[in-house]
Amino acid sequence: MEHVLLSVHVLGGIVFVGGSAAATSLFPRYAPAAAGEGRSRSVAVALHRITRGYAVLGLIVPLAGMILAGVQGRMGEIWIIISMILTAVAALLLATQIYPRQRQVLADPGDGDPGRLRLLSMFAGVYNLAWAVVVVLMIVRPGSGQGG
(Lines give C-alpha, C1' and ligand atoms only; values in the text may rest on other atoms or scores of the structure.)
Protein backbone atom coordinates (compact mmCIF):
# COMPACT_ATOMS: atom_id res chain seq x y z
CA MET A 1 0.00 0.00 0.00
CA GLU A 2 2.82 2.42 0.84
CA HIS A 3 4.44 1.84 -2.55
CA VAL A 4 1.19 2.64 -4.34
CA LEU A 5 0.69 5.83 -2.32
CA LEU A 6 4.28 6.90 -2.89
CA SER A 7 3.98 6.19 -6.62
CA VAL A 8 0.74 8.19 -6.89
CA HIS A 9 2.32 11.02 -4.87
CA VAL A 10 5.50 11.21 -6.97
CA LEU A 11 3.88 10.67 -10.38
CA GLY A 12 1.13 13.16 -9.55
CA GLY A 13 3.74 15.68 -8.51
CA ILE A 14 5.70 15.26 -11.70
CA VAL A 15 2.73 15.31 -14.07
CA PHE A 16 0.16 17.57 -12.41
CA VAL A 17 2.19 19.94 -10.26
CA GLY A 18 4.92 20.07 -12.89
CA GLY A 19 2.33 20.71 -15.59
CA SER A 20 0.65 23.52 -13.67
CA ALA A 21 4.05 25.02 -12.81
CA ALA A 22 5.07 25.05 -16.46
CA ALA A 23 1.73 26.48 -17.58
CA THR A 24 1.78 29.29 -15.02
CA SER A 25 5.33 30.20 -16.01
CA LEU A 26 4.63 30.22 -19.74
CA PHE A 27 1.29 32.03 -19.65
CA PRO A 28 2.69 35.61 -19.36
CA ARG A 29 4.90 35.02 -22.42
CA TYR A 30 1.93 34.18 -24.64
CA ALA A 31 -0.80 36.25 -22.99
CA PRO A 32 -2.47 38.73 -25.29
CA ALA A 33 -1.16 42.28 -24.98
CA ALA A 34 -1.64 45.41 -27.02
CA ALA A 35 1.85 45.03 -28.45
CA GLY A 36 4.35 42.22 -28.50
CA GLU A 37 5.74 39.63 -30.82
CA GLY A 38 5.27 36.01 -29.99
CA ARG A 39 1.92 36.61 -28.32
CA SER A 40 -0.73 34.03 -29.00
CA ARG A 41 -4.19 34.17 -27.47
CA SER A 42 -4.87 30.53 -28.39
CA VAL A 43 -1.70 29.35 -26.64
CA ALA A 44 -2.54 31.51 -23.60
CA VAL A 45 -6.05 30.03 -23.48
CA ALA A 46 -4.58 26.51 -23.60
CA LEU A 47 -2.11 27.35 -20.82
CA HIS A 48 -4.95 28.80 -18.73
CA ARG A 49 -6.91 25.55 -19.15
CA ILE A 50 -3.84 23.50 -18.24
CA THR A 51 -3.32 25.67 -15.15
CA ARG A 52 -6.87 24.95 -13.99
CA GLY A 53 -7.08 21.30 -14.99
CA TYR A 54 -3.72 20.24 -13.67
CA ALA A 55 -4.23 22.21 -10.47
CA VAL A 56 -7.47 20.34 -9.80
CA LEU A 57 -5.88 16.98 -10.63
CA GLY A 58 -2.85 18.02 -8.55
CA LEU A 59 -4.99 17.83 -5.42
CA ILE A 60 -4.19 14.12 -5.58
CA VAL A 61 -0.57 14.92 -4.65
CA PRO A 62 -1.06 16.37 -1.14
CA LEU A 63 -3.90 13.94 -0.47
CA ALA A 64 -1.72 10.93 -1.29
CA GLY A 65 1.17 12.52 0.61
CA MET A 66 -0.87 13.10 3.75
CA ILE A 67 -2.28 9.57 3.66
CA LEU A 68 1.22 8.18 3.17
CA ALA A 69 2.63 10.29 6.02
CA GLY A 70 -0.22 9.10 8.25
CA VAL A 71 0.35 5.45 7.34
CA GLN A 72 4.06 5.86 8.08
CA GLY A 73 3.41 7.75 11.34
CA ARG A 74 5.33 10.83 10.12
CA MET A 75 2.68 13.56 10.28
CA GLY A 76 4.53 15.29 13.15
CA GLU A 77 7.89 15.52 11.40
CA ILE A 78 9.00 19.06 10.63
CA TRP A 79 9.65 18.46 6.93
CA ILE A 80 6.10 17.15 6.50
CA ILE A 81 4.61 20.11 8.36
CA ILE A 82 6.63 22.66 6.36
CA SER A 83 5.76 20.85 3.12
CA MET A 84 2.06 20.97 3.97
CA ILE A 85 2.27 24.69 4.78
CA LEU A 86 4.11 25.45 1.52
CA THR A 87 1.61 23.33 -0.40
CA ALA A 88 -1.25 25.33 1.12
CA VAL A 89 0.52 28.60 0.28
CA ALA A 90 1.06 27.47 -3.32
CA ALA A 91 -2.57 26.36 -3.65
CA LEU A 92 -3.86 29.66 -2.26
CA LEU A 93 -1.57 31.61 -4.55
CA LEU A 94 -2.79 29.65 -7.54
CA ALA A 95 -6.46 29.90 -6.60
CA THR A 96 -6.54 33.54 -5.48
CA GLN A 97 -3.90 35.25 -7.62
CA ILE A 98 -2.58 33.31 -10.60
CA TYR A 99 -5.70 31.73 -12.06
CA PRO A 100 -7.95 34.79 -11.59
CA ARG A 101 -5.30 37.11 -13.06
CA GLN A 102 -4.86 34.83 -16.06
CA ARG A 103 -8.62 34.98 -16.59
CA GLN A 104 -8.55 38.80 -16.34
CA VAL A 105 -5.75 39.09 -18.88
CA LEU A 106 -7.65 36.86 -21.31
CA ALA A 107 -10.85 38.85 -20.83
CA ASP A 108 -9.15 42.23 -21.17
CA PRO A 109 -5.61 42.32 -22.61
CA GLY A 110 -5.33 45.96 -21.56
CA ASP A 111 -3.53 48.83 -23.17
CA GLY A 112 -0.08 47.30 -23.32
CA ASP A 113 0.82 47.87 -19.66
CA PRO A 114 3.40 45.14 -18.96
CA GLY A 115 2.90 45.49 -15.19
CA ARG A 116 0.07 42.98 -15.02
CA LEU A 117 2.09 40.34 -16.84
CA ARG A 118 5.17 41.05 -14.73
CA LEU A 119 3.10 40.58 -11.58
CA LEU A 120 1.69 37.36 -12.99
CA SER A 121 5.25 36.18 -13.75
CA MET A 122 6.28 37.03 -10.20
CA PHE A 123 3.39 35.04 -8.73
CA ALA A 124 4.27 32.11 -10.99
CA GLY A 125 7.87 32.31 -9.78
CA VAL A 126 6.80 32.22 -6.13
CA TYR A 127 4.45 29.32 -6.89
CA ASN A 128 7.27 27.39 -8.55
CA LEU A 129 9.73 28.25 -5.77
CA ALA A 130 7.32 26.88 -3.17
CA TRP A 131 7.15 23.59 -5.09
CA ALA A 132 10.93 23.49 -5.50
CA VAL A 133 11.37 23.84 -1.73
CA VAL A 134 8.82 21.08 -1.15
CA VAL A 135 10.76 18.78 -3.49
CA VAL A 136 14.01 19.52 -1.65
CA LEU A 137 12.29 18.81 1.67
CA MET A 138 11.01 15.49 0.30
CA ILE A 139 14.58 14.53 -0.59
CA VAL A 140 16.49 15.93 2.40
CA ARG A 141 13.83 15.27 5.07
CA PRO A 142 15.42 17.41 7.81
CA GLY A 143 14.85 16.15 11.33
CA SER A 144 13.72 12.72 10.19
CA GLY A 145 17.01 10.97 10.80
CA GLN A 146 16.65 9.46 7.33
CA GLY A 147 17.79 12.27 5.03
CA GLY A 148 18.93 11.65 1.45
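**Figure 1. Overall fold of the predicted chain.** The protein chain contains five helices and zero strands, where helices (H or I, at least four residues) and strands (E, at least two) are DSSP runs numbered from the N terminus. Along the sequence the pattern reads α-α-α-α-α. The model is predicted, so that local features need pLDDT of at least 70 and side-chain atom pairs count only at pLDDT 80 or more, while totals for chains, interfaces and linings use all residues. Residues are numbered from 1 along each chain as its sequence is written, and side-chain values use heavy atoms, with hydrogens and water left out. Taken along the principal axes, the C-alpha atoms fill a box of roughly 55 × 25 × 25 Å. Of the 148 residues in the protein chain, 34% are buried; buried means under 20% relative accessible area, exposed over 50%, and partly exposed in between, with a 1.4 Å probe and protein chains only. Among contacts (heavy atoms within 4.5 Å) between residues at least 6 apart in sequence, 70% join residues at least 24 apart.

**Figure 2. Close-up of helix H3 and its buried residues.** Helix H3 has 13 residues and reaches 18 Å from its first C-alpha to its last, close to the 18 Å expected at 1.5 Å a residue; the expected span is 1.5 Å times one less than the number of residues. Its buried residues are Val61, Ala64, Gly65, Leu68 and Ala69. These residues lie on the same side of H3 because they cover an arc of only 135 degrees around the axis, the arc being that of the directions from the helix axis to the C-beta atoms. Helix H1 (2-30) and helix H4 (78-107) are among the elements that cover them. Just after H3, Gly73 takes a positive phi of about 70 degrees.

**Figure 3. Surroundings of Met66.** Met66 belongs to helix H3 (residues 60-72). Its relative accessible area is 38%, so Met66 is partly exposed. Not counting residues up to four places away in sequence, Met66 touches Met75 and Met84. The C-alpha atoms of Met66 and Ile80 are separated by 8.5 Å, and the two residues are 14 residues apart along the chain.

**Figure 4. The largest nonpolar core.** This core has 22 residues, and those with the most contacts inside it are Phe27, Ile98, Tyr127 and Trp131. A nonpolar core is a set of buried Ala, Val, Leu, Ile, Met, Phe, Trp, Tyr and Cys residues joined through side-chain atoms within 4.5 Å. At least two residues of the core are supplied by each of H1, helix H2 (41-57), H4 and helix H5 (115-140). H5 provides the largest share, seven residues. Leaving aside neighbours within four places in sequence, Ile98 is in contact with Thr24, Leu93, Leu120, Phe123, Ala124 and Tyr127.

Figure 5. About 670 Å³ of space lies in the largest pocket. On a 1 Å grid over the protein atoms alone, a pocket is an open set of points with protein on both sides within 12 Å along at least five of seven lines, a cavity is a set of points where a 1.4 Å probe fits but cannot get out, and lining residues have an atom within 4 Å of a point. Grid points are joined across faces, edges and corners, and a volume is the space filled by probe spheres set on the points. The lining comprises 25 residues, of which His9, Val10, Trp79, Val134 and Met138 lie nearest the pocket centre. H1, H3, H4 and H5 each supply at least two lining residues, and H3 gives the most, with seven residues. Val10 is found in helix H1. With a relative accessible area of 42%, Val10 is partly exposed. Val10 and Ile80 are 15 Å apart in space, C-alpha to C-alpha, and 70 residues apart in sequence.

**Figure 6. The largest cavity.** The structure holds one cavity of 30 Å³ or more. The largest cavity has a volume of about 40 Å³. Its lining is formed by Pro32, Ala33, Val105, Pro109, Asp113, Arg116 and Leu117.

Figure 7. Gly125 lies in helix H5 and is partly exposed, with a relative accessible area of 36%. Gly125 and Ser25 are 100 residues apart in sequence and 7.0 Å apart in space, C-alpha to C-alpha. In the segment after H5 is Arg141, a residue other than glycine whose phi is positive, near 50 degrees.
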